[in-house]
Amino acid sequence: MELSLLTIICPPSLERPITDWLLEQEMITGFTSLEVHGHGSRPESLSLIEQVEGRKKQTMFQIHMGSDIETIVIDNLKRDFNGTDIHYWTTPIIATGNLLSDN
């Protein structure tokens, strides 16, 4: 089975709704979230403080899944969060493992 990594970037105000949404998705068995800072060339999307600091606080989620469900998850995300400031991308996973179980 081919694997994909879905990365979702959203404003901190959407962290809890996205977390709850991901936990409700039966096809997703787990995910990682972390605070990140975005840097870019769209000053209109930054507050005055963010413009001075040169960065925008964001939340990043990463979900490791089978490529067969990737489209379903993205379609559901688009449906349920239409019109929100969410950016996403997918990348193929070449290798994965768990050192706890590798002998």
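A residue is called exposed when its relative accessible area is over 50%, and buried when that area is under 20%. The model shown in these views is predicted.

View 1. Helix α1 spans residues 15-24, and its buried residues are I18, T19, W21 and L22. These buried residues line one face of the helix, because they fall within an arc of 165 degrees when seen down the axis of α1. An α-helix has 3.6 residues a turn, so residues three or four places apart point the same way. On the face turned away from the buried side of α1 are the exposed residues R16, L23 and E24. The cover over the buried residues of α1 includes strands β1 and β3 and helix α3 (67-80).

**View 2. Strand β3 and its pairing partners.** Strand β3 covers residues 56-66, and eight of its 11 residues are buried. Strand β1 (residues 3-10) pairs with β3 in the antiparallel sense, over eight bridges. Within β3, I63 is the bridge partner of L6. Strand β2 (residues 32-38) also runs antiparallel to β3, and seven bridges join the two. Here Q62 in β3 stands opposite T32.

View 3. E70 belongs to helix α3. This residue is buried but has no salt bridge. A salt bridge would need a side-chain nitrogen of Lys or Arg within 4 Å of a carboxyl oxygen, whereas the nearest side chain of opposite charge to E70, that of K78, is 9.9 Å away. Apart from neighbours within four places in sequence, E70 is in contact with S4, M65 and T90.

Definitions and conventions: Residues are numbered from 1 along each chain as its sequence is written. This is a predicted model: local features need pLDDT of at least 70, side-chain atom pairs count only at pLDDT 80 or more; totals for chains, interfaces and linings use all residues. Side-chain values use heavy atoms; hydrogens and water are left out. Buried means under 20% relative accessible area, exposed over 50%, partly exposed in between (1.4 Å probe, protein chains only). Helices (H or I, at least four residues) and strands (E, at least two) are DSSP runs, numbered from the N terminus. Two strands pair if DSSP finds at least two bridges between them. The arc is that of the directions from the helix axis to the C-beta atoms. Contact means heavy atoms within 4.5 Å. Lys and Arg count as positive and Asp and Glu as negative; His and the chain ends are not counted.
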